[in-house]
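Visitor: I would like to learn how to read a structure like this one, feature by feature. Could you take me through the general idea each time and then the case at hand?

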Amino acid sequence: MLTLSLRSSLWELNPSARVPGGLLTRFCSVLPFQDTMSEFALGKDDPCPPRKPGVLRLYSMRFCPYAQRTRLLLEHRKIPFEVVNVNLKRKPEWLFAMNPIGQVPVLEWDDGVLHESATCNDFLDEAFPGEKLNPADPYRRARDRQLWESMNKLISSFYDVAGTAGQDKKVLERLMRAFTRYDRELSSRGDEPFFGGSKVCMADFMLWPWFERLPVVNRIVPETAITPANFPHLNRWIEYMFKLPAVQNTMFDVDAHAHFLKTLRIDNNPDYDYGLVRPSKL
Ligand SMILES: N[C@@H](CCC(=O)N[C@@H](CS)C(=O)NCC(=O)O)C(=O)O
């Protein structure tokens with residue numbers, strides 16, 4: 001933690017750093033398939049906005065990688081939805097009524113409520129008509145699940161590598177070994193860019209959010225960078241992922257992620273509404 005504090009300036013905004021593809025931070029964004037409500041995070045004393053019948057609602061947090069998994073699926077499958085962002089430091093009681101552990105993402109619609117990114121995504125993929133993201137073949141589906149479940153176990157390593165400025169060699173090695181595994185897995189699936197082949201599949205979206213945030217770690221520990229030289233397949237995957245409309249519509253750039261992660265992990269005061277502009281009172 002000490003190392004992290006000493007190096008905290010590296011998490012600050014760096015105007016020269018841009019994600020591949022040169023995409024700019026999305027502030028006050030309007031998603032094409034999203035029925036927009038205010039993006040400001042609702043906290044303890046805020047009432048839950050009344051639901052409109054027939055409208056699928058996602059309870060989210062703008063920088064949450066798990067909720068991004070579900071937003072990626074909703075965007076990609078062109079499923080209309082609205083978003084209610086939640087302040088996870090000052091959680092409203094109504095969040096616990098929908099998810100007893102008080103986490104996002106939560107999906108709510110006329111007939112039900114679900115939480116957990118994997119459960120939400122499996123449900124949406126199956127319940128809505130259109131081309132499925134989960135592979136039809138049970139073995140392939142199980143293997144893909146193994147792949148992104150390994151990511152669930154790796155997530156702390158992303159932050160620990162940054163937190164120890166790469167000095168904890170074990171944790172750094174764990175991360176690099178995982179990158180090797182993903183790179184090999186991609187190459188074993190043929191000369192195609194995605195885990196799903198020429199098209200994305202569920203695994204692509206379930207893995208993506210942490211690779212979008214990796215450039216923040218790269219700033220602190222440059223040897224974690226994925227390049228054409230060290231991980232050619234993973235590098236190509238990242239390039240292709242950045243081009244997807246679903247990714248472009250849900251992403252933040254490295255400065256925004258760096259700012260949010262600093263406020264979350266160093267300041268212990270997460271800036272949920274970073275970049276949003278409050279309408280001026282007339
Ligand atoms: N296993 C859950 C993890 C969700 C999660 O950790 N969400 C975070 C925000 S990124 C959260 O709600 N944190 C609040 C808390 O844990 O109290 C999933 O896949 O949906």
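Predicted model: local features only at pLDDT ≥ 70, side-chain atom pairs only at ≥ 80, totals over all residues.

Visitor: What is the phi of Glu116, and is the residue buried, partly exposed or exposed?

Guide: Glu116 has a positive phi of about 80 degrees, although it is not a glycine. As for burial, one counts neighbouring C-beta atoms, and a residue with 20 or more others within 10 Å is buried, while one with 12 or fewer is exposed. Glu116 has 17 other C-beta atoms within 10 Å, and therefore it is partly exposed.

Visitor: Where does Ala165 lie, and what is its phi?

Guide: Ala165 lies in the loop between helix H5 (138-163) and helix H6 (169-188), and its phi, near 50 degrees, is a positive value in a residue other than glycine.

Visitor: Which residues are around the ligand?

Guide: One reads such a shell first as a list and then by class. The residues around the ligand are Met61, Cys64, Pro65, Tyr66, Leu88, Gly102, Gln103, Val104, Pro105, Glu116, Ser117 and Ala118, so that the Glu116 we began with is one of them. By class, the shell has 8 nonpolar, 3 polar and 1 charged residues, and H2 and helix H4 (117-127) each supply at least two of its residues.

Visitor: What is the form of the peptide bond from Val104 to Pro105, cis or trans?

Guide: The omega angle is what one reads here, and for the bond from Val104 to Pro105 it is near 10 degrees, a cis peptide bond. Pro105 has its place in the loop between helix H3 (93-98) and S4, and both Val104 and Pro105 are among the residues around the ligand.

Visitor: How do I read the strands, and with which strands does S2 pair?

Guide: For each pair one reads the sense and the number of bridges. S2 and strand S3 (residues 81-85) pair in the parallel sense over 4 bridges, whereas S2 and strand S4 (residues 106-109) pair in the antiparallel sense over 3 bridges. Between S2 and S3 the chain passes through helix H2 (residues 65-76), and this β-α-β crossover is right-handed. S4 in turn is joined by 4 bridges to strand S5 (residues 112-115), and these two run antiparallel, with a hairpin of 2 residues connecting them. Across that pair, Leu107 stands opposite Leu114 in S5, and Glu108 has Val113 as its bridge partner.

Visitor: Why does Arg57 count as buried, and which residues are its bridge partners?

Guide: Arg57 is buried because 21 other C-beta atoms lie within 10 Å, which meets the cut-off of 20 or more. Its bridge partner in S3 is Glu82, and its bridge partner in S4 is Glu108. Arg57 and Glu108 are 51 residues apart in sequence, yet 5.2 Å apart in space, C-alpha to C-alpha. Leaving aside neighbours within four places in sequence, Arg57 is in contact with Arg51, Phe81, Glu82, Val84, Glu108 and Trp109.

Visitor: How many helices and strands does the chain have, and what percentage of its residues count as buried?

Guide: The chain comes to 10 helices and 5 strands, and 33% of its 282 residues count as buried. Among contacts between residues at least 6 apart in sequence, 72% join residues at least 24 apart.

Notes:
Residues numbered from 1 in each chain as written. Pairing = 2+ DSSP bridges. Right-handed = clockwise from strand over helix to strand, strands pointing away. Contact = placed C-beta atoms within 7 Å. Near = placed C-beta within 6 Å. Nonpolar A, V, L, I, M, F, W, Y, C, P; charged D, E, K, R; others polar.
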